[in-house]
Amino acid sequence: MSCWDTVQAYAFRSLGYGERLLPRDDFTICQQMTLIGSGLIWNIYFGVLALIAGFFLANALAMAKASANPWLRKPANGFILVFRGSPLFIQFFLAYFLFLNLKQSTGGFAWLTSAWAGALVVLFLNTAAYSAEILYGALRSVPKGEVEAADAYGMAGWTRFRRVVWPTMLRLAWPAYTNEAIFLFHATTLVFFSGFPAFQQKGDALYYASYFADKTFNPFIPYPIVAVYFIILTLALIGVFGLVNKYLNRHLPQEQRRKLRFRPQIIR
Amino acid sequence: MGFYWAFGTVLILLAITAPAALVFGFGGAMAARSKILPLRWFGKSYISIVRGVPDIVFFLFFVIALDQGFEWLRHQYLCPDWDQPIRQGNDFVVCQAAKLPQGNAPQWVHEVYGFFTAVLTFAIVFGAFAANVLYGAMNAVPKAQIETAHAYGMTAAQTFRRVTVPQMWVYALPGLSNLWMVLIKATPLLFLLGVEDIVYWARELGGTKTPRFTDYPHGDWRLWYFLALLVFYLAFTKVSEVVLERVMKRLTHGQATLGGSQ
């Protein structure tokens, strides 16, 4: 089997297309690259969808946390505390068994126990909580002068928020938010190790990598492959977020623009 | 009972890993600041590689890699006249005497050895994060202090020991306390390293029990066990937050920073 055949057989294995049986012996580098790359599709799927959906919820949560109304502030605080204060790994387990109970007691919601939906929900809530904290911090550091200027122009309420506060907040939060996005993608590797079953061996990149490592008892090939894929993914992410950063800061004079730097600080 | 002991396992792991990671971090930061080029490259690449890749990949990788590394070293040392290749197809073969732990060792030795590799793995991964924090903190010590030390005729090593290290802790503490939180939240990953920790026991004990195998049959309780774990971790992070806040207040006392002048 040439390498191109392998690519054709396994490129979409993680989605259930192509060859059914995973390779069993005589593993080649090509097979490992292809299958692990195929698993990466799931990582990107989880990461992108959770990030987009989480962004909206995070904005709402940050607003709620900053609001003067305790009926909004208290629940937002609690939500952020629970999701930031506990390990994502435990959250996955808890959610899985919660969905399992839901399925057994109501008969419905079967789709939530499968990874593509259930894990996505957890990742979405988790990233929303982390991003909300970042956005809230940025909201509090919006310069007073800009808000006063908006007042002077006669803007108030929604107009002021949409035209002045929100863009500045986003601009200030963006470097930290980039970090959060990177770690969200890294966190997607946890999905198939935490209760959620990989149906018909359709797993993510790390799932296949650990499959190979278990079979060959040689960690020195599959895990570096995952690492390389993730470094590429991270660089691509930084590129995209850098473009957005440039767009957000387009009105500033050249030397005031801050370049995005890759500063991973937090894992969960 | 195993379930309650497992909480102890987690606490012991934290107690051992935190200082070990600090040591690794200190070494990494010193290497990254070193004047010798290869050493600097080593330090910088250690920091950036570990931080650029999902941590769980490292956890899965290092446990096997360390195990095989130790066995390989012992193999080289104990059986010099072994002529077969170590990797035979899908097997990793070393001579009998080099096996770790020894095949006839009691169960607890296996468990301690597994725990030891887990601690080492955690220390390596979190050492890189700590190295990054300490590296930043060492650079944040005011230049004037270093220059004064030079003016007093201290050597580079003396300056480092007497001026840089005592002062960097204040700058490092916010990063380190963040790291501590992350470390707490990374402990359930022990389960993936094959240590019988709380996640393992929660799955075991919570699973459906039939009267045939146990005196206390019950349905699927894993949901409640994991809820308990969630609460445990929440409480733990909350308490740490409060304690670290106090430590920070005490350390910044009298320092020439915004926090200290208040």
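Modeller: Let's start with a term: a residue is called buried when its relative accessible area is under 20%, and exposed when that area is over 50%. Keep in mind that this is a predicted model.

Biologist: Thanks! Is B:Phe61 buried or exposed?

Modeller: B:Phe61 has a relative accessibility of 14%, so this residue counts as buried. A:Phe220, at 41%, is partly exposed.

Biologist: How do I read a pair of aromatic rings, and how many aromatic pairs are there over all chains?

Modeller: Look at the distance between ring centres and the angle between planes; an angle over 60 degrees counts as edge-to-face. Over all chains there are 30 aromatic pairs. In one of them, A:Phe220 and B:Phe61 have ring planes at 90° and centres 5.5 Å apart, so they are edge-to-face. This pair crosses between chains: A:Phe220 sits in the loop between helices H8 and H9 of chain A, and B:Phe61 belongs to helix H3 of chain B.

Biologist: Which residues do ring pairs link into a cluster?

Modeller: A:Phe89, A:Phe92, A:Phe93, A:Tyr96, A:Phe97, A:Phe196 and B:Phe226.

Biologist: And where does a charge sit over a ring?

Modeller: A:Arg250 places its charged end over the ring of A:Tyr247, 4.1 Å from the centre. A:Lys65 lies over the face of A:Tyr136, 4.6 Å from the ring centre.

Biologist: What does the interface between chain B and chain A look like?

Modeller: About 3,900 Å² is buried between the two chains, with 74% from carbon and sulfur atoms. Chain A brings 44 residues to the contact and chain B brings 38. The salt bridge count between them is zero, while three residue pairs are in polar contact across the interface.

Definitions and conventions. Residues numbered from 1 in each chain as written. Chains lettered and ligands numbered in written order. Predicted model: local features only at pLDDT ≥ 70, side-chain atom pairs only at ≥ 80, totals over all residues. Heavy atoms only, no water. Phe/Tyr/Trp six-rings, centres within 6.5 Å; stacked < 30°, edge-to-face > 60°. Helix = DSSP H or I, 4+ residues; strand = E, 2+ residues; numbered from the N terminus. Buried < 20%, exposed > 50% of the residue type's maximum accessible area, 1.4 Å probe, protein only. Lys NZ or Arg CZ within 6 Å of the ring centre and 35° of its normal. Contact = heavy atoms within 4.5 Å. Buried area = accessible area lost by both parts, 1.4 Å probe. Salt bridge = Lys/Arg side-chain N within 4 Å of Asp/Glu carboxyl O. Polar contact = N/O pair within 3.5 Å; in protein donor to acceptor, adjacent residues only side chain to side chain.
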